[in-house]
Amino acid sequence: MIIDAYEVPNGKTVDAEICIIGGGIIGIAIARELRSRGLGVTILESGGKEMEQDSQSLYKGDGRIFETGSNKRELPDYLHQSRLRLLGGSVHGWGGKCGIPDAEVFEKRDWIPNSGWPFSRQELMPFFDRACDTLKIPRFDYDANEIFDKDRPTFIFGPEKRLTTSPRHISPVTRRGPKEMIEAYRGSVADDPNADVYLHANVVDIVTNETGNAITQVEVATLKQGRFTVRAKRFILATGGIENVRLLLNSSKKHKNGLGNDHGLVGRYFSGHTTFANSSALYLTNRHQPLTLYQNKDARKIWGVFKTSRQTQIDHKLPNFTVSLNSGSPRPNSKDAAVMQSSFLMDGRMANPSLEKYSPRGSFAQAYFMTELAPNPESRISLDEQTDALGQQRVRMDWKFSKDDLDGLARSAKVFGQEMGASGMGRMKAVFRRDRLLMTTGPSRHHIGTTRMDENPKSGVVDTDCKVHGLENLYIAGSSVFPSGGIINPTLTIVALGMKLADHLVDIGKGA
Amino acid sequence: MNLMISRREMILLVSVATLEIGGRWNSQVHGAEKDLRKAFKKFSRKEELDPLKNVGEAYLQANPSASGVDALLQGLPSGKTLDEDYWASIEKQIQNDYRNGKCTTVNSWILSNTECNLCALLHLVGA
């Protein structure tokens, strides 16, 4: 049931069983799950049912990316353009890409500082299955390298298997899908008479008890000067990887450094995913193996990206790395075309009359690279001195890349280029000018790591149940709890963790 | 050096496209003319040869020890004639380069050392 916070009387106190702060894709996923198992849910969403500029502008802040001790790039609009503040949240801008992180992302790798999760991917697999069901995509219960759809075969690499295929599915619960999909998704909670969904409800303070070890209530403000209180047994913070930090740090009446921040970790380890595309190109000479699986992104079918294999990552101490092919095939310039043809020539094919069936010119493919960024405590979200219309301090983003991050990208790309030649796929040209790299990178809208998960309160903000260390009843949902971001689009993992959290809340609810 | 293909033949191989520009094809490598014509016919224009020479030049600048036609020829497979078998051995060597990481980044291209060798030869003798 939708309730407009503008209609709530000033000073009212609302009692709830479980209060979810944030009505985005994860807040709704958890609410659906809890409701289906009989628990009462109240969602507090800052935005309305449609985009409203005054709500959206609450996101504004100050942002930049830079390589430690080197280049800097200002991103003045990033913070309010990379998120959407309305019921359903960023699902309205999401591309729908879903995948499961590689198993090694969950492991501690000595060449990736601060890497690893407190549990394995295998432990999370049942929740991934449920997340797939929630997002209406097929489950990832197959080996992508053994799929042989005759129209979309998997590319076979050389015996060294330095590269493999990583599968993706596109969820229809996005702007790409039918509009009724998003409506049905958020309607599953908004139309539930036993779930309360407050719109235009901005949480401005998370209040603890006297001893500071449990949350008693949250204070809610509207942009029309309304204020009310929501009390609940348990609270889930689900406002995204940046706003989660902002709310914790702004809630500083009892805990001067902010909630969950006894060890100064809230906001640190900020990371995202970045794409590197502008200066790279692939020249495809191989005609044995079609690349339709990788180039024709039919949203109804599985599609593939190339990735460095687990063994290659271990052998070369590389981060996670993928290469996606774009479907467009613009013509290369004449100089590149000549080198491409020489590669073809030097493969011997032009000289062999029996191979005349090959196109002598090959083809050109645009590609973009994605590389894993090591969790970095110096990369962080913090509070800015500026305040918003509700008097809340805005945020400042200092997204730092390390030298190793960019070296890892270049080294991974070289491995990819070598495997292209070894497998006969073609050749690669990649320009990695360090002084230009940050200017040409495309920062994703994935916000990761700022309330990272670790069993040790000195190393993480939340425990393995996503409960904030030191607070009995405050939980965090979303990619801010990822200790290692890997490289996969995070939404499926976010929803999987939401399923795990819902199970936990149901379990402790039974015992309560 | 166990290179059985002669230095003169290899120079002819890498310079054949240049010769072809003026229509002065006159290979003395018996039996190879047809295949070589087919192989290089795509490089019949100067603007298509220059990028390869540029790759070769850049490779030599970055690898001074590889300078000199003899040194470059030593990096190529042995063979008696420039026939299909020889091209196949070139292809095999290139593939092995890639598999074994014997690659060089030249002008932002990731190329096998053998490919770089051939481009360098083209630069040295085909200019």
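Biologist: How do you know what span to expect of helix 10 in chain A?
Modeller: Multiply 1.5 Å by one less than the number of residues. Helix 10 (residues 403-423) has 21 residues, with 30 Å expected. From first C-alpha to last it reaches 30 Å, close to that value.

Biologist: What makes helix 10 of chain A "mostly covered"?
Modeller: Of its 21 residues, 15 are buried. Buried means 20 or more other C-beta atoms within 10 Å of the residue's own; exposed means 12 or fewer; partly exposed is in between, with C-beta atoms placed from the backbone.

Biologist: Why is helix 1 of chain A called largely enclosed?
Modeller: Because 10 of its 12 residues are buried. Among them are A:Ile25, A:Gly27 and A:Leu34. Helix 1 is followed by A:Gly38, whose phi is positive, near 90°.

Biologist: Is A:Asn114 called buried, exposed or partly exposed, and why?
Modeller: Partly exposed, because 17 C-beta neighbours lie inside 10 Å. A:Asn114 sits in the loop between strand 6 (97-98) and helix 4 (121-134) of chain A. Its phi is positive, near 65°, and it is not a glycine. Most residues other than glycine have a negative phi.

Biologist: Why is chain A called as compact as a globular protein of its length?
Modeller: The radius of gyration, taken over C-alpha atoms, is set against the globule rule: 2.2 Å times the number of residues to the power 0.38. For 512 residues the rule gives 24 Å; chain A has 24 Å, so it is as compact as a globular protein of that length. Of those residues, 54% count as buried.

Biologist: What is the average pLDDT of chain A?
Modeller: It is 89, and 92% of the residues score at least 70. The pLDDT is the predictor's confidence in each residue, from 0 to 100. Over residues 350-360 of chain A it is below 50. Where pLDDT is low, the predicted coordinates should not be read in detail.

Conventions: Residues numbered from 1 in each chain as written. Chains lettered and ligands numbered in written order. Predicted model: local features only at pLDDT ≥ 70, side-chain atom pairs only at ≥ 80, totals over all residues. Contact = placed C-beta atoms within 7 Å. Helix = DSSP H or I, 4+ residues; strand = E, 2+ residues; numbered from the N terminus.
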